[in-house]
Amino acid sequence: MAKDFDRPREQQLTDEYTAIARQLRSIRYKLKTAQGEERAELVSLIKPLRRDLLKTPCTSQTDKKIHYIRYADDFIIGVKGSKEDCQEIKLQLSEFISRNLKMELSEEKTLITHSNTYARFLSYDIRVRRNSKIKHGGPTHCTKRTLNNMAELCVPLDDKIMKFLFEKSIIKQVNGQIKPIHRSTLLHATELEVVSTYNAELRGICNYYNMASNFNGLKYFAYLMEYSCLKTLAAKHDSTIAKTIEKYKDGKGKWCIPYQIKAGEKRLYFAKYTDAKKVKNPSDTITNAHNIYAWSNTTFESRLKAKQCELCETTESKHYEIHHVNKLKNLSGKEPWERVMIAKRRKTLVVCKKCHHTIHNQ
């Protein structure tokens with residue numbers, strides 16, 4: 001199809017652009033020898049001609065090209081030509097799919113879109129800019145239309161990002177306003193697991209869209225993610241966002257979750273969306289950490305399934321229960337169960353029914 005369709009340009013530049021450019025060249029040539037009033041008059045002609053040149057279409061539209069891009073079962077065809085050309089290509093494509101693949105082309109999904117209008121492909125909004133905005137720069141330090149006829153990739157903020165936030169119950173709409181909320185499915189996870197889940201989702205999305213021209217639009221997405229995370233941590237401890245930030249301050253104006261490894265203490269900070277721009281080989285993978293932490297067993301459940309009393313160490317009891325206290329500092333350490341809890345630094349103990357009965361009778 002491309003061999004039959006492609007056609008080279010009959011001329012490189014439009015006649016209008018060539019005429020103005022020729023006038024400018026002529027004036028600049030005369031300036032080399034002009035003096036006095038003649039030179040001043042020639043200089044005054046350059047600015048309006050340069051302004052007209054930047055408003056005039058440069059490249060002649062006398063050529064035709066077609067380009068096909070496919071990923072899995074999704075494809076897009078770029079056509080440099082008329083709308084009639086696009087309709088003919090669509091008809092040929094429909095006949096090929098029907099005859100060779102024994103399938104039907106979806107009329108609803110297969111659209112003919114002007115290059116200046118966004119088309120959705122692989123969750124990106126794609127278009128060719130028609131922008132006459134000029135910029136200063138380059139080796140000659142002159143004004144240029146650097147954005148015109150350039151391909152642009154954009155994040156579909158409303159269709160994809162906001163939809164993701166609503167589906168994950170990260171935000172809700174209250175009186176027409178978007179507000180971040182806590183995620184009840186993560187309340188039983190540890191603080192480290194909560195922040196790790198949000199970080200994985202934030203990085204996955206920002207890494208995927210790091211080529212978008214409106215990437216900075218993800219700043220609002222990052223804000224909603226962070227405050228939903230803080231609300232989840234606050235709800236976990238029946239606290240507030242202000243108290244949560246104060247609790248996890250690192251002394252440098254940020255908040256983080258400290259945790260221990262063999263080498264010592266480390267800190268997990270909330271991910272920055274701008275870090276996606278620094279990654280050379282970004283990954284668009286969003287881990288299933290949320291599902292793991294939402295539906296996995298808690299430490300209580302794992303300890304109960306072990307079916308061993310953490311006080312008398314019996315494994316023969318028919319029932320095992322959780323004994324818990326409000327604060328470890330309130331324990332005196334006089335009773336055996338108190339000494340065990342202090343030694344383990346836990347406010348909970350998995351005990352057999354007999355030991356639990358003994359504890360409460362004391």
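Mentor: Let us begin with the idea of a contact, which here means heavy atoms within 4.5 Å. The model is a predicted one, and in it Y17, I20, A21, Q23, L24, I27, R28, K30 and L31 of helix α2 meet R39, L42, V43, L45, I46, L49, R50, D52 and L53 of helix α3. Sorted by class, the residues of this contact of α2 with α3 comprise 12 nonpolar, one polar and five charged.

Trainee: How are α2 and α3 oriented, parallel or antiparallel?

Mentor: An angle over 145 degrees counts as roughly antiparallel. The axes of α2, which spans residues 15–31, and α3, which spans residues 36–55, come within 10 Å and cross at roughly 155 degrees, and therefore α2 is roughly antiparallel to α3. The crossing in which α2 passes α3 is left-handed.

Trainee: What is the handedness of the crossing where α6 passes α7?

Mentor: There the crossing is right-handed. Helix α6 (residues 191–208) packs with helix α7 (residues 218–236) at an angle of about 170 degrees, the axes being 10 Å apart, so α6 is roughly antiparallel to α7. On the α6 side the contact includes V194, Y198 and L202, and on the α7 side it includes F221, M225 and L233. By class, the contact of α6 with α7 has 12 nonpolar, two polar and three charged residues.

Trainee: Where is S332 placed, and why is S332 classed as it is by accessible area?

Mentor: S332 sits in the loop between β12 (320–324) and α11 (336–344). The cut-off for exposed is over 50%, and S332 is exposed because its relative accessible area is 52%.

Trainee: Which side chain does the side chain of S332 join through a polar contact of 3.1 Å?

Mentor: That partner is the side chain of E338. Finally, S332 and I342 are 10 residues apart along the chain, and their C-alpha atoms are separated by 9.2 Å.

Notes: Residues numbered from 1 in each chain as written. Predicted model: local features only at pLDDT ≥ 70, side-chain atom pairs only at ≥ 80, totals over all residues. Heavy atoms only, no water. Axes fitted to C-alpha atoms, helices over the stretch in contact; angles between N-to-C directions. Helix = DSSP H or I, 4+ residues; strand = E, 2+ residues; numbered from the N terminus. Parallel < 35°, antiparallel > 145°, perpendicular 65-115°, else oblique. Left-handed = near helix turned anticlockwise from the far one by under 90°. Nonpolar A, V, L, I, M, F, W, Y, C, P; charged D, E, K, R; others polar. Buried < 20%, exposed > 50% of the residue type's maximum accessible area, 1.4 Å probe, protein only. Polar contact = N/O pair within 3.5 Å; in protein donor to acceptor, adjacent residues only side chain to side chain.
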